[in-house]
Amino acid sequence: MVTPPSGVSPGNMAIPRSAQADEPISTGEMAALGTHLLIPTTLMFLPTAVIRIAFQDGWLSNILGFGLTLMLAAILLPLLAHAAPGQGLLEALRWRAPWIARWLGLVFGFALVHLEALVVIEIGILWQQAVMPETPDTFFAITALVLAALSARAGIEPLGRTALLFAGILLIFTPVILFMSFDLIHPAEFQPVLANGMKPVVVATQPVLGFGEELLLLALGLGYLRPRPGSSPAKASFQVVALATGISMGVTVLFFAATIAALGPREASRDLLPTLTYMHLIRLGEFIQRIEGVVLLFWTWSILTKAGLVHLLACQAWGAVFAIRDARVLSLPLVGLVFAESRILIRDTIELVHYLMIWGLIATMFFLVPLLIGLVAIGLTPSPNRPAPPPNAAVPGQNTLSPNGPSPAPGGQPVP
Amino acid sequence: MNYSLSRRFRPQAPKQRTPGPHSASPVSTVTPGPNIRPGAPAEGTPPIYSLLDQAAQAPLLPRAEQNLEQLKVMLGNTADLTTRILHSPVLSDQVAALAWIDGLVDSELQSENIIGPLLAGNPTAKKGPPQPLLAVLHQRLISGADVSAGRTWQEVLTGVLTGKTVIFVDRASAAVLVDTRRAPQRDPQEPEVEAVIRGSRDGFTEDLRTNTALIRLHLQSPALRFEEIRLGRQSQIPVNIAYIAGIAHPQLVQEVRARLLRIAPRFSFNVGSGPIEQLIEDHPFSVFPTIHHSERPDKICAQLAEGRVAIVVQGTPVVLTAPTLFWEFLQSPDDYCERPFLASFVRFLRLTMLVASLTLPSIYVALISFHQELVPTVLAIRIAGGRESVPFPALSEAMMMELSFEVLREAGLRIPRPLGQAISIVGILVIGQAAVSAGIVSPIMVVVVALTAVASFVSPSYSVAISLRLLRFPLLITAGIAGLYGIAWVLFALVIHLASLRSFGVPYLSPVVPFIGENWQDTLIRAPIWMTRRRPFLYTRGSTRVAPQLSPRPPVS
Amino acid sequence: MTCTSSRQGTVRRGGRHYWLAFWVVLVTVCTGLSSGGCWSRKEVTELAWVSTMAIDRGQKSGWYRVSSSLLNTRTAVGMTTATAVEPPEFVVSVEAPSILEATRQTTAMLGRRAFYVHCEVIVISEEVARQGLRPIIDFLTRDRQFLQAKRLIIAKGKASDILDVRGSVEERVGRLIMTALDSASVYGLAESVTVGQFAEAASSPGIDPVLPVVERVSLEPQNVQRYSTSVPELSGATGQTEQHSPSSAIMEGGTRRTVRVVGLAAFRNDRLVGWFNDEESFGLTALLRGLRNTPLTLTSPRVAVSLTGGPSKLRVKVSPDGNLEYTSELAVDVSFLQVFGSLDLSRQEVHDLLMQQVAHEIQRRIDKALSRAAELRVDPAGFGLALYRANPKRWAQVQAGWRDRWPTVPVHYRVDIRSLKTGLAVDVPPVSTDDVPQQAASRVIQRLEEPV
């Protein structure tokens, strides 16, 4: 009997899979998805909101905000996983309190469509304003949305693997990029000054917390999480939260500090995309003029992963509203909804910056509060008879190899 | 969702097992076993086949001459069917009718082993109590090694068509089939397309048995198994599934078997292993090959020892292996002969070149027509200067050059070898010198195309190189439309697609994603042999390959 | 929802998204190609590459005269025609009420789109700088073609003159100015300042920016013959045709010209208020950016040394009653490169004396720079910023009138000579006279005092 190495769920085993709607993914893949839920937007748009409030002390509020996020998510998600193991929030509610599930599905459905519209707008801003000004915004919105819908349709497993791949690339490149910009960094620039006391730092924590609370959306996808053998769902979800927040916080704070140190707090505060401006400054000898292109590539991948995940979760939420068995059929219809919202939501970048500065409040209203309601509802309602165990559970006895040739088990059959 | 294509195979399986009342089409019932007999005629079978089918089900006739005539009728009096009627003294002057296909049979072997004993008087046979004729033939007379009984016409036909000599005797319930095969075949040679520096120098041939023998030669394990399945109702191509029992996962073997059995009764393409590959792969619409192939016995044996299953097909030197991981296309048998550091470096190089062969032209197009700011000033001016006289936009220029390279490559495959030299010189002149001096192509573009071309040949696997070569064109077009964003878009879609692929249930990108750290030892890097302790986890459950403490160390004095 | 899913459902759904992806890609490609896609595409041959931009004051009040030095891409790959050697760059000037409009007018004038991404240096004339750089900086940081990494320099006199140079080694003006700046930073005269750094210093509390100053100088007339014969049609060019006369700098009077970095310009916020000469620039650079192989020649004793070290560490101490006190430490490595007269460098006394002299000289230059800054009422060394960072409350109190106040604050300088290297030779070459080598150290030191 060989125990599987870390990161491999038994669901990933060789051997033809049974037909089922959603494949579970490992802790590492879920954590990578969480990381991509946080990183692209925090790297790109968080500095805009935070440095405007807290200047060079912004990275302090970053740490503070992420710390709060970690606390929130590390309590709530394991709680959910403990109360309803192997199920997402809406899924768990569906067997306990169907009406609450529907209403919460509606709230989450709108919130997620809203969030995805924002993500699409952000992709548009990143590419249109910063790189290709002549190309219409709509082009980026449509292409990004189509890709998000396709990856949502492909399911959680390809998304999780893609996220893991890109997370690996990100983790390799972060120190490289920081190392290359070593001579740009003046440490004096980001020493905390606290000219107006802690107040701006605390105020700036609000948007950070808003960006961080997006991690709570993983509550909808917890049903996909397959804990490692010998680990409980609660523990696995805690690991996911800790990994995702830790990585995101590390990378974001590092880039935050480096951006402030390289640009200076005042210049950074008037920039639309300070991190991108910081990337403009980095030169790799005379070989590549700017590493900006490479960074843009990774950012796009990361934000597309985020869009795909949000799209999948949105499908889930709407699926709960309409009680659809496999919510991914909603993937394409949702494209129209998100596109329409992304066209009417934000008119210009100033509006976006202002909107991001109150994102903390909105995220709390639409992500945190419904999650709390759901948790309370789960706590109050008795646990019903579970309809069925997760269909893809490891088949006992599969781990041993019969010494000679074919096993009598029919291969093409779905595991009952 | 992502296994949907692998599931396509599956709906057949329950139908075959439990043909419900709704299954209108008479799908033949397939029994797993070494030899598959054709059942009831399937749809679209030519009439002659159904006649043959019916005849083949019939029992043998009592008289030898009748049987011979029947065989001639069945084979349509084909010119290469040779018959002979003997009156054998040993069989109390009964008639023995022989038939064989001329050309498939070793006549020396035949006369020595069959005709000689039959015609020579054998006194001992006359004495004892009368024995069943067949037993006499079997046990006393025929000195050939492989002697079997053909009880139905089907068996007789199969035997005759594979080079056996059939002997009909009067009033016998079965015919005797003696193996006298000597098919025309070539000797094992080193395959040209998979040249290695330090590997073995033999290669598979077109003959199935030679190939299995080569595998046995390299891998003399008692656990090595070959299972035979015949594909096609009439063509009856023998296909062997090879695996090492106890290493290959039984369910994997079962899946390979099931997929081959699925196509067995209806298979009618007889050109190499390609059609089989395309009929049993998981994702028929993917551009990426999910089944690997090789002509090298050493490579196949290494694959078998890693727990894979090989599919050896009669008539082609190309042996298929499954499951296949993407990273296999970066690996070459040479890697294991070289020092680990060099091998790892070379693998890294191959990966880089694989990516380069996919993206280089599109990155060039994106950079010079969208993102001029990303090019260093001096280089940018060089490029601009070189393009001053070029009348086409960068995208058209790149498309033109890439297409003309593809044309040259394809032409190079077809042109007879003596002419190839001339053509390649013309190609070099046309693509390079003349195009540049005529001012229709910029010099940098030539450099890019040449680099791409060279990069696409770095991969040890031809099949993945051509997949990427094909993908280069959509990428080029998107890069021409939306610059780097287009590249990012297509690459993301590509990664999603790759991540959703599976080869016989094994994720295509494993062990990178899903991450299995243990198996990284032989993926992108090639760790020292003594460190690669475990077999790939996903299809062997990570059984131990190299015992611990195998690392070499100087003698303790 | 993960739970139960019927077989039919999955099978029916299976295998579609590949086709979907295929169609989507196809449709995207077709629409992209047909509906006038490729919006942002600009072929390199549609671009006019600007290597340097110079901003002068225009004729009308508030207008700018923007000169762009354009790279001649035809010469880039050595595509010279038989008749003439094409110049590597030429200059186009336009007048416009805003820089944005000037870039568009340049485009209109050239027939190709003026492309500023590879413009590395922006030269600003003294007059424009005296009016304030804020609007220019704002444009440069807002437009995506100009990013913060562009370098700013100030020209004494007309900025377009700077573009009108032809160096001896470097053919292109942009490169020439960049190399001049790089070598100036080696001399300790100036450091190249990017747009972003300037803007940050101009908007930060308690620090004023400085910018390097260049001027055009003539070289010896030489090699003119080659140019004048190879470009005959341009030999009659006058200053009037500057816009399209690429080689006018050489033709005019037959001299070759180059640029020289002469010092730093002092700014109060974004307005130019005065200059630092080379000694003052030396002192200021030592404070701000540090020295890198910067040469320094002492007059007495006469030795040439090369200095490496810095930047200085500025610390501020706020006493409880609100008084400020600055300390600044500068650590420098010294290596001898030329020694006049015979000095016995192996003697400890000689060492000590030389180190003292070097430290004195550096300190003298810093003092000069600071007194000049005080005279101009600017704070380029960032005393105020140091206070803001250390004690923002006290800074808020003294912020008003800080430029008048900071010269009164005591600043304690310490220049530490970390090490003394003598290059590859230890001793001076012996002079073959009849004099017996003097043994006594006192004699050596006495010699040091002698006027050379």
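Strand E5 of chain C and strand E6 (residues 151–155) of chain C pair in the parallel sense over 5 bridges; strands count as paired if DSSP finds at least two bridges between them. The model is predicted: local features need pLDDT of at least 70, side-chain atom pairs count only at pLDDT 80 or more, and totals for chains, interfaces and linings use all residues. Residues are numbered from 1 along each chain as its sequence is written, chains are lettered from A and ligands numbered from 1 in the order in which they are written, and side-chain values use heavy atoms, with hydrogens and water left out. Helices (H or I, at least four residues) and strands (E, at least two) are DSSP runs, numbered from the N terminus.

**Strands of chain C**

- Strand E5(C) covers residues 121–125, and because 5 of its 5 residues are buried, it is largely enclosed by the rest of the structure; buried means under 20% relative accessible area, exposed over 50%, partly exposed in between (1.4 Å probe, protein chains only).
- In a regular strand the side chains alternate between the two faces of the sheet.
- C:Val121, C:Val123 and C:Ser125 point one way from E5(C), while C:Ile122 and C:Ile124 point the other way.
- The bridge partner of C:Val123 in E6(C) is C:Ile153.
- Strand E1 (residues 47–57) of chain C is joined to E5(C) by 4 bridges, and the two run parallel.
- C:Ile55 stands opposite C:Ile124 of E5(C).

**Aromatic pairs**

- Over all chains there are 26 aromatic pairs, counted for rings of Phe, Tyr and Trp (its six-membered ring) with centres within 6.5 Å; planes under 30 degrees apart are stacked, over 60 edge-to-face and the rest tilted.
- A:Phe140 and B:Tyr485 are edge-to-face, because their ring centres are 4.7 Å apart and their planes stand at 85°.
- This pair crosses between chains, from helix H6 (residues 137–154) of chain A to helix H18 (residues 462–500) of chain B.
- Both A:Phe140 and B:Tyr485 are buried.
- B:Phe326 and B:Phe329 also pair edge-to-face, at 6.5 Å centre to centre and 75° between the planes.
- B:Phe326 is buried at a relative accessible area of 8%, and B:Phe329 is buried at 0%.
- One aromatic cluster is formed by A:Phe166, A:Phe173, A:Phe298, A:Trp301 and B:Phe492.

**Charges over rings**

- The charged end of C:Lys156 sits over the ring of C:Trp275, 4.9 Å from its centre; the rule asks for NZ of Lys or CZ of Arg within 6 Å of the ring centre and within 35 degrees of the ring normal.
- C:Arg365 lies over the face of C:Phe282, 4.6 Å from the ring centre.
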